[in-house]
Amino acid sequence: MLRAVLASLLLALPAAALAQQAAKPASPAPQGPVEHPRVTMHTTQGDFTLELYPEKAPKSVANFLQYVRDGFYNGTVFHRVVDGYMVQGGLYSRDLTQRRTRAPVPSEADNGLSNLRGTVAVARGADANSGTSQFFVNLVDNRRLDYVSNQSGLTWGFAVFGKVVSGMDTVDKIAKLPTRAQGPFVSDVPNPLVIIDSAYVVGEEKAAPAAASTSKAPAPAAESAKPAAPKKNTKKNDKTSA
């Protein structure tokens, strides 16, 4: 009789344990990937929206978003347009004077992202770590701008940190504009000037326009959109390549 009772108790223990486990609250389901931030730019030629990749280029994305939230890009222009290559902006006001930028960010060109059509990358000079506010949108697959090695600025490449997800037709429209020499540039300035009226993070309140500044950055050519090479379509008397 005693054996039967003990056997019954032993058989009941697993069932009781299972019942207790079932009574525990379920663990939270794993969250999906974090949604990428998006930035919309309203320009005088139309709008386009960028999707940013903070998991691939955290410093570049944080830097860009801070400029957007500060209203820095409002009233700046795309000062360099080369059809079949890229469009570049993010530093010059409509009078083609430079705005004062924050300190440069370290290059993240070795993040595995390629300079393919529609991607946006950090513009810089010969120093791989000289990028600040300037950016460029690739009009074609520019794989020669990708990271190869850290031996020099020529091989370091340019850090891709996002991509145009809507409005690429606007970027293509900008690329087709005629260009001319204007202000400090010997060529490649679109005519008419393409002005970024406003830029804001999607889902956030639009940033107030930044106050115009005529203060020049310490190194005028510290942010160009090509590796060091013979000078072409760049600022006059500027020793640094574009």
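**Side-chain contacts: a quick tour**

Okay, let's start with D172: it's partly exposed, with a relative accessible area of 26%. On that scale, buried is under 20%, exposed is over 50%, and partly exposed is in between, using a 1.4 Å probe and protein chains only.

Quick background. This is a predicted model, where local features need pLDDT of at least 70 and side-chain atom pairs count only at pLDDT 80 or more, while totals for chains, interfaces and linings use all residues. Residues are numbered from 1 along each chain as its sequence is written, and side-chain values use heavy atoms, with hydrogens and water left out.

So what does D172 partner with? The answer is R117, in a salt bridge whose closest N and O atoms are 2.7 Å apart. R117 sits in the loop between β4 (86-93) and β5 (119-122), and D172 in helix α4 (residues 168-175), so this pair ties together parts 55 residues apart in sequence. By salt bridge I mean a side-chain nitrogen of Lys or Arg within 4 Å of a carboxyl oxygen of Asp or Glu. Helices (H or I, at least four residues) and strands (E, at least two) are DSSP runs, numbered from the N terminus. R117 is partly exposed too, at 36%.

How many salt bridges does the structure hold? Six. Another one of them joins E204 and R69, at 2.7 Å, N to O. That one links distant parts of the chain, 135 residues apart: E204 is in the segment after β10 (194-201), and R69 is in helix α2.

On to the rings. Searching the whole structure turns up twelve aromatic pairs. Take Y73 and F135: their ring centres are 5.6 Å apart and their planes are at 90°, so we call the pair edge-to-face. Y73 is in the loop between α2 (58-69) and β3 (76-82), F135 is in strand β6 (residues 135-138), and so the pair ties together parts 62 residues apart in sequence. The rule: rings of Phe, Tyr and Trp (its six-membered ring) pair if their centres lie within 6.5 Å, with planes under 30 degrees apart counted as stacked, over 60 as edge-to-face, and the rest as tilted.

Are these two buried or exposed? Y73 counts as buried at 1%, and F135 is buried at 0%. Both belong to a cluster linked by ring pairs, along with F48, F64, Y67, F72, F78 and F161.
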